[in-house]
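Have the viewer open and follow along.

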Amino acid sequence: MQSMHAAVVAAFADCGYAYEMVFVDDGSRDDTFAKLKQLHATHDNVRVVRFSRNFGKESAIYAGLQHAKGDFVCIIDADLQQPPALVRDMVVFLELNTDYDCVAAFQQVRSDGRVLKFFKNNFYRIMNRVTEIEFVQGASDFRTMRRSMVDAIISLGEQNRFAKGIFSWVGFATHYVPYVAAERHAGTTKWNKRRLFRYAFDGIISFSTMPLRLASFAGVLSALGALIYGLVVIIQRIFWGMAVPGFATLAVLILFLGGLQLLGLGLIGEYLAKTYTETKARPIYVAREVLEPKDG
């Protein structure tokens with residue numbers, strides 16, 4: 001945390017901007033909060049939001065935006081993979097280009113393996129096909145926004161949040177800039193392949209009903225195929241005296257149709273589960289403690 005604070009201070013040295021830093025402790029179980037508390041005690045422009053437990057990355061982003069007070073707000077990880085110096089350039093760009101409301105960074109070169117890179121690339125293609133909003137290839141949560149865009153995002157109180165989709169859905173003009181990710185300064189990422197796939201699936205469910213339509217299409221196609229197959233069997237029996245295929249064919253058809261039905265029920269269950277969660281209207285996060293800056 002000290003390193004992140006020092007990097008931000010160095011990036012904004014002698015720039016004339018008044019700024020604050022909002023750190024969100026997403027239910028850490030180590031000494032993260034103790035370090036943040038020490039940082040808060042020794043600096044006047046640090047705000048700390050401590051969650052009562054781990055609520056996840058999306059909730060942390062929402063909390064950070066909710067507690068930030070500036071005219072420009074930046075989302076950035078504290079592991080120093082994303083350069084704070086670029087934030088200053090983002091702010092300058094927004095000041096000089098009033099037609100834009102956001103500057104978002106993307107990695108031109110990624111160190112992902114071939115399999116993961118393949119799935120990530122196709123995820124953006126799928127999202128752009130099945131949703132009505134645009135997802136820019138490789139765009140990250142690392143971005144700087146005007147207050148108007150931040151307020152629009154905060155106004156969306158949904159629990160099942162997918163930040164990349166929300167950023168696009170609010171519809172503000174965004175400028176994209178490349179950056180090179182540095183080595184992680186401390187800790188290890190918790191984003192394994194399983195969590196990434198689940199995150200991608202949640203994104204599709206949150207911003208598209210296409211999976212439900214595909215399930216309906218598969219049902220119609222299966223029924224049509226069964227009808228055609230039945231007609232073929234009847235014709236073969238009447239005109240050529242061929243015996244009706246036996247148990248193996250019947251078993252395969254039952255398993256195939258049963259699989260389609262379970263797939264359709266599973267998709268309906270995913271949407272129903274999210275609807276059930278939203279109807280509870282629970283808060284997006286619970287703050288155990290908020291340390292306000294000394295300078296107000």
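Leu80 is buried, at 17% relative accessible area, where buried means under 20%, exposed over 50%, and partly exposed in between (1.4 Å probe, protein chains only). Look for Leu80 in the loop between strand 3 (72-75) and helix 4. Helices (H or I, at least four residues) and strands (E, at least two) are DSSP runs, numbered from the N terminus.

A word on what you're looking at: this is a predicted model, where local features need pLDDT of at least 70, side-chain atom pairs count only at pLDDT 80 or more, and totals for chains, interfaces and linings use all residues. Residues are numbered from 1 along each chain as its sequence is written, and side-chain values use heavy atoms, with hydrogens and water left out.

Back to the backbone. Most residues other than glycine have a negative phi. Leu80 isn't a glycine, yet its phi is positive, about 65°. Ala281 also has a positive phi, near 55°, and belongs to the loop between helix 10 (247-280) and strand 7.

Here is how exposed a few residues are:

| Residue | Relative accessible area | Class |
|---|---|---|
| Asp101 | 16% | buried |
| Leu80 | 17% | buried |
| Ile234 | 47% | partly exposed |
| Ala281 | 63% | exposed |

What does Asp101 touch, leaving aside neighbours within four places in sequence? Its contacts (heavy atoms within 4.5 Å) include Leu94, Thr144, Arg146 and Phe172. Asp101 itself sits in the loop between helix 4 (84-96) and strand 4 (102-107).

Ile234 is in helix 9 (residues 210-240). It's part of a nonpolar surface patch of about 1100 Å², along with residues including Leu224, Phe239 and Trp240. Patches take residues with over 30% relative accessible area and no salt bridge, joining like charges within 9 Å and nonpolar side chains (Val, Leu, Ile, Met, Phe, Trp, Tyr) within 5 Å. A salt bridge is a side-chain nitrogen of Lys or Arg within 4 Å of a carboxyl oxygen of Asp or Glu, and accessible areas come from the Shrake-Rupley method with a 1.4 Å probe, with only the protein chains shown counting as cover for residues.

Now for a sheet: three strands form an open one, in the order 1-2-7 with mixed pairing. Strand 1 (21-25) and strand 7 (287-291) are at the edges with a single partner strand each, so one side of each has no neighbour in the sheet. Strands pair if DSSP finds at least two bridges between them. Strand 1 and strand 2 (residues 46-51) are parallel, over five bridges, and Met21 has Val46 in strand 2 as its bridge partner.
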